[in-house]
Amino acid sequence: MKLWGIVRKDNRIQRQHTIEYPELTRDSSPNWHELIGPLCEELDLSRPLILKKHLKEIADFSRVVFIPSDFVEPVDFDKFEIEVFYPKEK
């Protein structure tokens, strides 16, 4: 599984980073707090609050969007998006 983190401001990509977790698949139930942490560190972000709606977006669409109100600290961007890419089934 790969996570692609994108920081956007004014609909332009400001920063992006990809992290790979080869041991995780669509069927595993990952701890999203632990997986998103290294991505946030690489992008120099504080961790967002992960709510039930965010987990549902990940499960349904393999994508989640965090807005500034999802962060405890002030941020200088409009959106933090994470896209999840699962390995292809054999």
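Tutor: E81 counts as buried because its relative accessibility is 3%. Buried means under 20% relative accessible area, exposed means over 50%, and partly exposed lies in between (1.4 Å probe, protein chains only). This is a predicted model: local features need pLDDT of at least 70, side-chain atom pairs count only at pLDDT 80 or more, and totals for chains, interfaces and linings use all residues. Residues are numbered from 1 along each chain as its sequence is written, and side-chain values use heavy atoms, with hydrogens and water left out.

E81 sits in strand β4, residues 79–85. Strands (E, at least two residues) and helices (H or I, at least four) are DSSP runs, numbered from the N terminus.

Now the partners of E81. Its side chain makes a polar contact with the side chain of R8, at 2.7 Å. The side chain of R63 makes another with that of E81, at 2.9 Å. A polar contact is a pair of N or O atoms within 3.5 Å; within protein, one must be able to donate a hydrogen and the other to accept it, and residues adjacent in sequence count only if both atoms are side-chain atoms. Leaving out residues up to four places away in sequence, E81 touches W4, G5, I6, R8, R63, V64 and V65. Contact here means heavy atoms within 4.5 Å.

W4 leads on to the rings. The whole structure holds four aromatic pairs. W4 and F85 form a tilted one, 6.5 Å centre to centre with 35° between the planes. W4 lies in strand β1 (residues 2–9) and F85 in β4, so this pair ties together parts 81 residues apart in sequence. W4 counts as partly exposed because its relative accessibility is 23%. F85, at 41%, is also partly exposed. F71 and F77 pair edge-to-face, at 5.5 Å and 85°. Both are buried. Rings of Phe, Tyr and Trp (its six-membered ring) pair if their centres lie within 6.5 Å; planes under 30 degrees apart are stacked, over 60 edge-to-face, the rest tilted. Ring pairs link F66, F71, F77 and F80 into a cluster.
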